[in-house]
Amino acid sequence: MDLFSNLALGFGVALSLKNLALCFTGCFIGTLIGVLPGVGPIATIAMLLPITFGIDPVGALIMLAGIYYGAQYGGSTTAILVNIPGEATSVVTTLDGHQMAKQGRAGVALGISAIGSFIAGSVATILIAALGAPLTRMALLFGPAEYFSLMVMGLCFAVVLARGSILKAIAMILLGLLFSTIGTDLETGQERMTFGFAPLSDGLDFAVLAMGIFGFAEVIKNLENPETRDVVRQKVGRLLPNLAEMKQSALPIVRGTFLGSALGILPGNGAVLGPFASYTLEKKLAKDSSRFGRGAIEGVAGPESANNAGAQTSFIPLLTLGIPPNAVMALMVGAMTIHGVIPGPQVMTKNPQLFWGMIASMWIGNLMLLIINLPLIGLWVKLLKVPYRLMFPAILLFCCIGIYSINNSPVDVAMTAFFGLFGYALIKFGFEPAPLLLGYVLGRLLEEKMRQALIISRGSFMTFVERPISAGLLAVAVVVLVVALLPSISKKRNVVFTE
Amino acid sequence: MTILSRRTMFGAVAVAASLGFAGAAQAQAYPNKPITMFVAFAAGGPTDVIARIVSEHMSKTLGQQIVIENVAGAGGTTTTARVAAAAPDGYTLIMGQMGTHAAAPALYPNLKYNPITDFTPIGIAGITPIVIVTKKDFPANNLREFVAYLKANPGKVNQAHAGVGSTAFTTCVLLTAQIGVPKLNAVAYRGTGPALNDLVGGQVDFMCDQVTNLTPQILAGNIKAMGIATPARLPVLPNVPTTAEGGLPEYQISGWNGIFGPKGLPKDIQDKLVDALNKALEDPTTNKRLADLGTVIPNAQERAPAGMAAVLARDIALLDKPLRDSGAVGQ
């Protein structure tokens, strides 16, 4: 019954008028920056950090956390409406979400992603409260070898993501992997593939790549024939999912929540894999997988739940161990230390008000986000009615501001423009950008973890199969790959036979 | 020390003369607009935290806001080079640290700045002692056993660090050079967080890093501390013996963060900044916030320009050979 008294303490803290106001402020700012393409939670939290100096640590962290998970809610909005993923975790949402918008079901897509996110957020909050500490111990079993195998599994998912040719999808994944090796080598400090160009020495930024090949390229493509783009805006349709759509989404939301929660706990930003894994699972479980990529609601409900669940559970390593699993959490560590709270295993016992207050505020924040987001859907959908000649300069402008704000670097903006042209070429040749982004996101971790594992094992590749968790993950990867490739192989055989 | 301050004086006079009357008038009004303090690392990191805590109080003394700007890249050297080339008007400063100023010359052959001659030192803002830690089930229980184990098991021990050029990397290179076991399996991680995660998880054997990062895990028993590289024990870790107690007195190294301006900063501006830094470090609230992190507050000498210059020169000399011998070279 400790849990209940702790939660009571937490809600006591989180429900104070001031903390409610701070939670709302955080969620609202988070929604806004999530909606603005390119402006990510990292830049925003860094900018707002000094403003929180005057607030007590609990309030400050409640607000900053609100910005983070609020951005996950908002990020899906741009993915659905304008096909621009604001975060690595919303790449998958563009696949079916934007298709739904094109069919006049933008409201339904936004609605289901808000509802799915709320359910996922609530479940994940309970997980953190009830099982935070034991889950942390389990996550510590994940060493470099396990992580490498997990990434291999993730890459096999990417093959399934492809809407068209599997060969082209694999080519895109490999290109993404190649892009991820640009920059300073972690082990030796040598520069690779930078061609002596200093801004490349830290590698490509995810936002630069994503805004370029998704955002800018999409704008160029739409400008090519503005008529078709303007057809989309005529159809608005219902704003909320109906009962049949809710039923269709129920199980994907549940599955997405658990996949996302499990991957979110892992150190080293396992949360990015959640939406990809969920999408793959839903596509495989669907009776008619050909609907995916053409506006299947499960392809929005599952991944959106997974990404929000992952965003919440990635607080677990931070809160129970004091070790940040990703860049946003590293910023939260900074925020804690600036406020005089030393992050570490002691936070739970030394600052129970902070620990439980934050957890309680996460649930309250999710409820607030649902309340903020549902009425906003009408507004977002109306945005689609804005003529494209007015929309696209605004999209480009916000993208540029967002990209500039990451590193305060004009070179990044120029590089995004370059990737815009590159992405346009990809669209023209029928290559999908989503597998490229997944390859890019996983590539860096893949290489890093493989080298770490091999250094630890003194160069023995057996380490990946000798360790049981790692071996299990590799086995799943093989199964996924075989299942993905078999239909296309058998189909080709049929083609051969009919000729 | 006198030679150094005289040299700075001379530099200041020369610059004041070259700028003429306008420069002097501007300096009198300093600061009349917000000051940018660059942090060459991501927000939330140890350097950023110290910069924010110290600059908050310095802003009060100076009557102008100090704005922290985080521009990370190439181990912090890009931003450091940018500040070195900035106008010496006191509105562009950098929170430098051991990596960007003491270790960079040995690591980056094409470094675009000289950490001593291209900067005007203000003073050290915080010192973060280095502690040697192992995973909790490591066979050794103290520094003597640790050194003996390393020597007896060459090639069997894995050391984690936070990337080439990081404090964890630099201080460990010095340690292994001094012990005489240079051929260790060094596992690079992207930052202290992931490295520490795998140390707590028992995937790697040991690391050296700043107390600020390690104290909570040591106190919780998630990792074992072998020794702390300071002359005396630290109040936050009273049970951790010093390296001298553990039979390795030559291993004396601390991470530090210090404020630098571009070279040729006028003397009166430098004085104002030194004064503001001193007031910040003497302020009980600021002082306590830094101390709670495990940061050692620099003494009167270290927080003055000449004192920081001396620390910088000492560390460059100390780290140069071990780093070059380690074969790690950035671009």
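Colleague: Which domains does the domain assignment of chain B give?

Modeller: Domain 1 of chain B covers 2–127 + 256–326, and domain 2 covers 129–228; the bounds come from an automatic or database domain assignment. This is a predicted model, in which local features need pLDDT of at least 70, side-chain atom pairs count only at pLDDT 80 or more, and totals for chains, interfaces and linings use all residues. Residues are numbered from 1 along each chain as its sequence is written, while chains are lettered from A and ligands numbered from 1 in the order in which they are written.

Colleague: How many residues of domain 1 of chain B are in contact with domain 2 of chain B?

Modeller: 17 residues of domain 1 of chain B are in contact with 15 residues of domain 2 of chain B, where contact requires C-beta atoms, placed from the backbone, within 7 Å.

Colleague: Which helix gives the most to that side of domain 1 of chain B?

Modeller: Helix 11 of chain B does, with six residues; helices are DSSP runs (H or I, at least four residues), numbered from the N terminus.

Colleague: Turning to chain A, at what angle do helix 2 and helix 17 of chain A pack?

Modeller: They pack at about 55 degrees, with their axes 9 Å apart; axes are lines fitted to C-alpha atoms over the stretch in contact, and angles run from 0 to 180 degrees between N-to-C directions.

Colleague: Which residues of helix 2 of chain A make the contact?

Modeller: Among them are Cys23(A), Phe24(A) and Phe28(A), while helix 17 of chain A gives residues including Ile364(A) and Met368(A).

Conventions:
Contact = placed C-beta atoms within 7 Å. Helix = DSSP H or I, 4+ residues; strand = E, 2+ residues; numbered from the N terminus.
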